[in-house]
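Please have the sequence and the model at hand while reading.

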Amino acid sequence: MVALGSSTTAGSGDRAGDKSYPAVLEAELRRRLPGAEIKVINKGVGGQSAYDMLLRMEADVVAEKPAVVIWQTAITEAIRDIGEEKLAKILRKGIGISRAAGIDMILMDLPWLPREGRYPHYDDYRAVMRKTAQEQGVALFPRYAMMKGWSSSRQFTPEELVGMDGLHLVDAGYRCMALRLADGIVAGVGTIKIETAGGRAKPTN
Amino acid sequence: MSSIASFRHFLLFGRPADGAVRLEKVRDARIDVLRGLALMIIFINHMPGNVVAAYMPHNFGFSDAADIFVLLAGVSAALAYGGLIEQRGLALAALKLGGRLWTLYIAHIAVFIIVCGVVATAVTQTQNPLYIETINIQPFFRDTVEALIGALTLTYQPSYLDILPLYIVLLALFPAIYAGVRASPLGTLLCSLAIWQAALAFELNLPNGEAGWFFNPFAWQVVFTLGIVIGRGALLGVGLPRLRWLDVGAVTFIVLAWWAKTSTGNPTGIGALNDWFDSVQLGSDKTNLAWSRLLHIAALSWLAIRWLPAGSAMGRHAFGRAFAAAGRNSLHVFCVGIVLSIIGQIVLAETSFAPGVQLLICAGGVTFLTGLGIFLSWYQIITNRGASAEPTAGRGAALPRPSLSLR
């Protein structure tokens, strides 16, 4: 798998203990699907827009020949309000590239924000992602809904969720996100892979 | 000899046809005014999502203020250091260039630290994690030591802090490029294009964290080299020939770019062009430059040199004077502009992009930045006046300050 994205994907950049979501996802999938050969390549580059990622999709995704690509994107476009139609087009092109290469894509929804009124068009851009994913038939990982659920469930301190102090960027949040992704992926490939894994895949949290 | 032959001779051999190298004393107001204007555009564009940014040139053509900035950096480097090389020799010019590079480097580091501080304050005060994302400053908070070393070695560049490193590298290359342009502008341009294309083919770029530099120096040296050729031409007083077909070609290209950028989808209906229209409308490859960008900036410069009134005419108008003052102090105005634009981004988000606030910030910022330029120009005049009063007593009449001096 390739995890294409911006800083959420790049994660800590901390070499000692990589707690980025792709690293956690890899460990988790290996645990749940012991027979399967699993590798999650982190291609996150902080601060990149969907357009920047589109430009490197051939080199960073297609050339790696993954089975699945998780595309975490569009936050820059939403913040910069580049135009909804433009974002839709960029997403469609990216999805098209991965489809042409026979790679399944999981698109990742925008994060939930404590005060998203700061960006008046934020929901519109989320709608663009939802609509594009739907019309293109790719999975959309419901990051926003998940984070929102966490925020109201008070399982996490706000700092853990969105890293508001800027210093401890969301290791807990990333970890849970990776586990949820693993749930989805295992469910998706389950019928094929779990047999080889001896049916020992158990949902964890 | 016709101007075409003379121009051709310059392009091939780096000097006018009659062989005489007369150095013109050039302080072309056009450069200052355009540079000041580019600085203001950069300021506005660095607050993405604001209404004014929708009217900035990148929406109407392939190139934008960054191209103008790099091109003019080449022009003014040729005028300043090229002139110095001709008059005082390479050694002195290299010394001055080294001093300038040091100043740029220190400025970059200072802006880096100030921006980190501004964003850190904003994030802790407002609890909005996205400020870290937009400026890509996460590495600094995550692993400060590594990010600091990265900043010092120019291998970690947060968003918006990527132009000065490019400028530093390009200016360091100036003596080599200028030597080439002296021998043959056309040959140097071809070399420069070849390096760009080779870098594209082999995916060469300098490192910036996990990715490359936002402005790939292997690509952007082309624009800088073009600027040096123009500057060298100005230094030698080479006039552009009146080539009507080229004028028409340049205007046509710019109109075409306008049309391609502002229409939605592919207005020609020719299927083969779909991808091209998409690619120019979605954004242009700023990292590696693009032919469309290069041709656009080349066409703009041709028209600017041909038609913009030379000399001081542009600097006479009140707006022209204000922009020229900013352009003459471009490093200061640029650095302050970067910090202001990042503060502006934060204020815009905190006020939910209220239209009134957007206009206020844009107008206020531009006023402040031009005011800063005017203040610095005034400051230089009064301090120079004071300084020249004493030493000139023993040396007779005050020598005119070398017009090619550095700022």
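## Confidence in the model

What pLDDT does chain A average? Chain A averages a pLDDT of 81, and 81% of the residues score at least 70. The term pLDDT denotes the predictor's confidence in each residue, from 0 to 100. Two stretches of chain A have a pLDDT below 50: residues 164–169, with 19 contacts in the model beyond near neighbours in sequence, and residues 191–205, with 18 such contacts. Two residues are in contact if their C-beta atoms, placed from the backbone, lie within 7 Å. Where pLDDT is low, the predicted coordinates should not be read in detail.

This is a predicted model, in which local features need pLDDT of at least 70 and side-chain atom pairs count only at pLDDT 80 or more, while totals for chains, interfaces and linings use all residues. Residues are numbered from 1 along each chain as its sequence is written, and chains are lettered from A and ligands numbered from 1 in the order in which they are written.

## Chain A as a whole

Chain A contains ten helices and five strands. Helices (H or I, at least four residues) and strands (E, at least two) are DSSP runs, numbered from the N terminus. Of the 205 residues in chain A, 49% are buried. A residue is buried if 20 or more other C-beta atoms lie within 10 Å of its own, exposed if 12 or fewer, and partly exposed in between, with C-beta atoms placed from the backbone. Among the contacts in chain A with a separation of 6 or more, 73% involve residues 24 or more positions apart.

## The sheet of chain A

In which order do the five strands of the open sheet in chain A stand? The order is β2-β1-β3-β4-β5, and the pairing is parallel. Two strands pair if DSSP finds at least two bridges between them. The edge strands of chain A are β2 (41–44) and β5 (139–141), each of which pairs on one side only. From one strand to the next, the twist averages 20°; for such angles, axes are lines fitted to C-alpha atoms, for helices over the stretch in contact, and angles run from 0 to 180 degrees between N-to-C directions.

Strand β1 (residues 2–5) of chain A is joined to strand β3 (residues 68–72) of chain A by three bridges, and β1(A) pairs with β2(A) over four bridges. A:Val2 stands opposite A:Ile41 in β2(A), and its bridge partner in β3(A) is A:Val69. A:Leu4 stands opposite A:Trp71 in β3(A). In a regular strand the side chains alternate between the two faces of the sheet. Both faces of β1(A) are covered: A:Val2 and A:Leu4 lie on one side, A:Ala3 and A:Gly5 lie on the other, and all are buried.

## Where the chains touch

The contact between the chains takes 30 residues from chain B and 33 residues from chain A. On the chain B side, the elements that each supply at least two residues include α4 (90–126) and α15 (330–350). By class, this side of chain B has twelve nonpolar, eleven polar and seven charged residues. Here Ala, Val, Leu, Ile, Met, Phe, Trp, Tyr, Cys and Pro count as nonpolar, Asp, Glu, Lys and Arg as charged, and the others, Gly among them, as polar.

## The nonpolar core

The largest nonpolar core has 163 residues, and those with the most contacts inside it are B:Phe69 and B:Trp220. A nonpolar core is a set of buried Ala, Val, Leu, Ile, Met, Phe, Trp, Tyr and Cys residues joined through C-beta atoms within 7 Å. Helix α3 (residues 65–88) of chain B gives the most to this core, with 16 residues. Leaving aside neighbours within four places in sequence, B:Phe69 is in contact with B:Ala38, B:Ile42 and B:Ile163.

## Individual residues of chain B

Is B:Trp102 buried or exposed? B:Trp102, found in helix α4 of chain B, is exposed because 11 other C-beta atoms lie within 10 Å. By contrast, B:Gly233 in helix α10 (residues 217–236) of chain B is buried, with 23 other C-beta atoms within 10 Å. Not counting residues up to four places away in sequence, B:Gly233 touches B:Phe10 and B:Val238.

B:Leu154 has a positive phi of about 60° although it is not a glycine. B:Leu154 is found in the loop between α7 (144–152) and α8 (163–183) of chain B, and counts as buried because it has 22 C-beta neighbours inside 10 Å.
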